[in-house]
Amino acid sequence: MVAWQPVGISMGVFDMCHRYLKERKQFGVPLAAFQLNQEKLARMLGNVQSMVLVGWRLCKLYESGKMTPGHASLGKAWNSRTAREVVSLGRELLGGNGILADFLVAKAFCDLEPIYSYEGTYDINSLVTGREVTGIASFRPAAPAKARL
């Protein structure tokens, strides 16, 4: 579930930005006509698609009984980090309107931050995945140092 929540938030931000750029005009043309805006929309869509595929793969692994903690952690880490980029690009596309409650991108930022942090945080999920990839746990507590007195 944690891997899917960022997908929904990102899809909503993409959809809202897409509509906004087609409706809002600048210099007599829709904002969607400008190259950098199209590049950002394309990057947002690519990110959403990659997140959907990660979620789909996790579902297939789960259904077959082959999903490991490393798989789940990779999905949570990847999707939450990628969603942050999508929402950030959406904020850029809306300019000053991106921080207004009327356009929901600022709300999406607020909705996304707890997802990035809970269920182990991005960093811990990355370490769990790294442990599974390498077979070496890098997050053991350090041994206490002996006093030198």
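These legends go with close-up views of a predicted model.

**View 1. The largest nonpolar core.** This core has 25 residues, and Cys17 and Met44 touch the most other members. Helix 1 (5–23), helix 2, helix 3 (69–94) and helix 4 (105–117) each give two or more residues to the core. Helix 1 gives the most, with eight residues. Zoom in on methionine 44 and you'll find it touching Val13, Phe14, Cys17, Val86, Leu89, Gly90 and Leu93, leaving aside residues up to four places away in sequence.

**View 2. Salt bridges in a network.** Glu39, Arg43 and Glu85 are linked through salt bridges. Within helix 2, arginine 43 and glutamate 39 are four residues apart, so about one helical turn lies between them. Their side chains meet at 3.2 Å, N to O.

**View 3. A salt bridge between helices.** Lysine 40 meets glutamate 92 at 2.9 Å, N to O. This pair ties together distant parts of the chain, with lysine 40 in helix 2 and glutamate 92 in helix 3, 52 residues apart. Lysine 40 is buried, at 18% relative accessible area, while glutamate 92 is partly exposed, at 41%.

View 4. Trp4, Leu53 and Trp56 make a patch of about 350 Å². Tryptophan 56 belongs to helix 2 (residues 35–63) and is partly exposed, with 48% relative accessibility.

Terms used
Residues numbered from 1 in each chain as written. Predicted model: local features only at pLDDT ≥ 70, side-chain atom pairs only at ≥ 80, totals over all residues. Heavy atoms only, no water. Patch = residues over 30% accessible without salt bridge, like charges linked within 9 Å, V, L, I, M, F, W, Y side chains within 5 Å. Areas by Shrake-Rupley, 256 points an atom, 1.4 Å probe, with all protein chains shown as cover. Salt bridge = Lys/Arg side-chain N within 4 Å of Asp/Glu carboxyl O. Buried < 20%, exposed > 50% of the residue type's maximum accessible area, 1.4 Å probe, protein only. Core = buried A, V, L, I, M, F, W, Y, C linked by side-chain atoms within 4.5 Å. Contact = heavy atoms within 4.5 Å.
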